[in-house]
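Q: Can we go through this model and ask what backs up each label?

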Amino acid sequence: MEYGDEQQAAEALAAVRAHQERARRAARLPWWVYLGMFVLIAGVTAANDFVDLTGAKAISAVVLVLLVVVFAVTFGSGSAPLGKVRGVQPRQSFVPRVFGVVAVLGCLGGWLIFHYGNGFTQDVAASTGLRDYPGTVAGVLYGAAFTALFALSQLLLSRSQRQRTR
């Protein structure tokens with residue numbers, strides 16, 4: 001009798017773990033969110049190569065409108081836009097270790113950008129033959145860095161949640 005109970009318990013545990021894995025996969029952001037983030041960051045920064053000072057005000061207005069749309073969707077629907085993109089509403093918890101890693105890397109990146117960003121992007125622009133478009137090169141580099149930092153935070157959060165459920 002005990003063997004049957006142990007087998008049922010093992011099957012139930014396997015079913016629960018399979019369900020958790022399916023839910024974790026469903027909660028993952030689609031690839032196009034990362035692509036959109038990269039294109040938005042690179043595009044806004046690259047616009048500095050093609051837009052004069054009055055255009056900078058237009059770019060600021062576009063960013064402001066996007067923020068208002070995000071806040072309106074969040075407060076109107078009661079859920080964040082990224083939650084809607086995922087199709088599920090995962091329980092978000094604060095993980096100090098993940099926050100610390102992302103904060104340290106973000107601060108380090110900010111410090112590097114502050115001290116070396118302009119010269120570095122101009123050197124890269126010159127070496128790639130895009131000397132007249134340093135904003136575009138900066139946009140691509142910063143877009144890649146910020147998208148990678150966001151992806152790292154999502155990866156660390158999912159791994160942390162997976163370890164907690166085990």
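Q: Why is Ser 153 called buried?
A: Buried means under 20% relative accessible area, exposed means over 50%, and partly exposed is in between (1.4 Å probe, protein chains only). Ser 153 comes out at 12%, so buried is the label. Before going on, a word on the source: this is a predicted model, where local features need pLDDT of at least 70 and side-chain atom pairs count only at pLDDT 80 or more, while totals for chains, interfaces and linings use all residues. Residues are numbered from 1 along each chain as its sequence is written, and side-chain values use heavy atoms, with hydrogens and water left out.

Q: Where does Ser 153 sit, and what does Ser 153 touch?
A: Ser 153 is in helix H6, residues 134-165; helices are DSSP runs (H or I, at least four residues), numbered from the N terminus. Leaving aside residues up to four places away in sequence, Ser 153 touches Val 98 and Val 102, where contact means heavy atoms within 4.5 Å. Val 98 and Val 102 are among the buried residues of H5.

Q: What makes Gly 143 buried?
A: Its relative accessible area is 0%, so Gly 143 counts as buried. Gly 143 is also found in H6, and its contacts, not counting residues up to four places away in sequence, are Phe 38, Ile 41 and Ala 138. C-alpha to C-alpha, Gly 143 is 5.2 Å from Ala 42, though the two are 101 residues apart in sequence.

Q: Why is Leu 112 called partly exposed?
A: Leu 112 has 38% relative accessibility, so it counts as partly exposed. Leu 112 lies in H5 and is one of the residues making a nonpolar surface patch of about 720 Å². H5 gives the most to that patch, with 7 residues.

How values were computed:
Helices (H or I, at least four residues) and strands (E, at least two) are DSSP runs, numbered from the N terminus. Patches are made of residues with over 30% relative accessible area and no salt bridge: like charges are joined within 9 Å, nonpolar side chains (Val, Leu, Ile, Met, Phe, Trp, Tyr) within 5 Å. Accessible areas come from the Shrake-Rupley method with a 1.4 Å probe; for residues, only the protein chains shown count as cover. A salt bridge is a side-chain nitrogen of Lys or Arg within 4 Å of a carboxyl oxygen of Asp or Glu.
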